Amino acid sequence: MYAVIGAGPMGLATARNLQKYDIPFVGFDLNTDVGGLWDIDNPHSTMYESAHLISSKKMTEFREFPMSEDVATYPHHSQMKRYFQDYAKHFGLYEHYEFSTRVVSVVRDGDEWRVTTETGGEQQCRRFAGVLIANGTLHKPNVADLPGSFDRELMHSSEYRKASVFEGKRVLIVGCGNSACDIAVDAVHRAASVDISVRRGYYFLPKFIGGKASDSIGGKLKLPRGLKQRVDARLIRLLVGRPSDYGLPDPDYKMYESHPVVNSLVLHHLGHGDITPQTDIASVEGDTVTFTSGQIRQYDLILMGTGYKLDYPFIDPAELNWQNSDAPQLYLNVFSPKHDNLFMMGMVEAAGLGWEGRNEQAEMVALYIRARQRGDASADALASKIRSEAEQTLDGGFDYLKLARMAYYVHKDSYRNAVNTHIAELSRGA
């Protein structure tokens, strides 16, 4: 019996593939239902009312369970919640889960794992042949320290739910990732003023090009990496201009070396003066913020759109081969070089990977477990590769920025090719 931690998209993909290959498992989730952060009613969710997918549905959906035609190109979070509920119902996954259950600890116990859970204040300890961790990457806020003390309202984007919190206030958004830009656009319609503090440059992509989802265009013609970076950067400049045209810093790195911002409205509001760009924060005192540009402004609310940290509080980081780095060092971001029955599910990010790319990851793991159970040579071959190549990253030759949020970023094509090669090898060995 295996343990699956989490019932969000990755947890469900993991459960589906274990079920598909007849591997018995029990799933655990803190919430009362499936969907993870996409269930805004989940008290542990970081979702906000206006949130939509930043990738299009066709590039994101599970291949064996397409989204219905009446779902928008970029679905609202409520549509995503229904999608995952329907997915779980369709494949009969609910019956495998214990909800409202916290995983307290995962501890090595001989060749197995001792998992302690808590439900309704009562703890239960069980032994499992293996553990698949799929509790997500976007739930532990990365709360950056301000250079000083702000005596008004301070919040992180993880706490944000609806725009009414901005009513009549002078608002500063810190950060320029996808959530920060979404929230800045929300604030425009309610706040007295909206500023956005941006420390580094970003590439901004529109959601639609020629009436089609921008992530669905191109890809048929394979260009050399360097040429593709130059061509696509030039195309984006022609479509939306440079960030400096809107008062923002231009990126000092090449296209695709950091995750882009997919937002069609934030540049619109910057160009119309609804949002005022600011540089990095130099100091904070009372309600007054001084920026590195020398600008001094007063605010009623500062919202930190500073992202998230990886967090697996129920297990010793050493078990995950996580030492002095921003992410565990795992083969394909999944396999531990220390344990052949401990798997990190979904700790991977790549432009265009979608849930199908993560589903392939889950299928690879399920096939590996089955191959190990049968004593197939393909499992031994993969185990050898795991031990020797755990610290290698599939970056496709891209020089990704050395940031915490990029520590588990991969090149989509390189990653999927490697995963599907292993799927083919493990399938042949069966």
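This is a predicted model: local features need pLDDT of at least 70, side-chain atom pairs count only at pLDDT 80 or more; totals for chains, interfaces and linings use all residues.
**Exercise 1.** Find where Leu221 is and state which surface patch it belongs to.

*Solution.* Begin with the chain: Leu221 is in the loop between β15 (212–213) and α5 (225–240). Next, take the relative accessible area of Leu221, which is 66%. Exposed means over 50%, so Leu221 is exposed. Last, look at the patch: Leu221 forms a nonpolar patch on the surface with Leu223, Leu227 and Val231. Together these four residues have about 330 Å² of accessible area.

**Exercise 2.** Describe the surroundings of Thr60.

*Solution.* Thr60 belongs to helix α2, residues 57–60. Its relative accessibility is 3%. Because buried means under 20%, Thr60 counts as buried. The side chain of Thr60 reaches the backbone oxygen of Ser56 at 2.6 Å. Leaving aside residues up to four places away in sequence, Thr60 touches Leu53, Ser55, Gly354, Trp355 and Glu356.

**Exercise 3.** Work out whether Phe314 is buried or exposed, and list what it touches.

*Solution.* Phe314 lies in the loop between β22 (308–309) and β23 (342–344). With a relative accessible area of 8%, against a limit of under 20% for buried, Phe314 is buried. Residues up to four places away in sequence are not counted in the next step. Phe314 then touches Ile5, Val103, Val104, Ser105, Val106, Ile133 and Asn135. Arg102 is 212 residues from Phe314 in sequence, yet the two are 9.5 Å apart in space, C-alpha to C-alpha.

**Exercise 4.** Describe the largest nonpolar core and name the residues with the most contacts inside it.

*Solution.* The largest nonpolar core has 102 residues. Phe166 and Phe335 have the most contacts inside this core. Helix α7 (residues 354–374) gives the most to it, with nine residues. Now take Phe335: beyond residues up to four places away in sequence, it touches Leu330, Phe343, Met364, Val365, Tyr368, Leu382 and Ile386. Another core, of 23 residues, lies apart from the largest one; among its members are Val115, Leu310, Ile315 and Leu320.

Notes
Residues are numbered from 1 along each chain as its sequence is written. Side-chain values use heavy atoms; hydrogens and water are left out. Patches are made of residues with over 30% relative accessible area and no salt bridge: like charges are joined within 9 Å, nonpolar side chains (Val, Leu, Ile, Met, Phe, Trp, Tyr) within 5 Å. Accessible areas come from the Shrake-Rupley method with a 1.4 Å probe; for residues, only the protein chains shown count as cover. A salt bridge is a side-chain nitrogen of Lys or Arg within 4 Å of a carboxyl oxygen of Asp or Glu. Helices (H or I, at least four residues) and strands (E, at least two) are DSSP runs, numbered from the N terminus. Buried means under 20% relative accessible area, exposed over 50%, partly exposed in between (1.4 Å probe, protein chains only). A polar contact is a pair of N or O atoms within 3.5 Å; within protein, one must be able to donate a hydrogen and the other to accept it, and residues adjacent in sequence count only if both atoms are side-chain atoms. Contact means heavy atoms within 4.5 Å. A nonpolar core is a set of buried Ala, Val, Leu, Ile, Met, Phe, Trp, Tyr and Cys residues joined through side-chain atoms within 4.5 Å.
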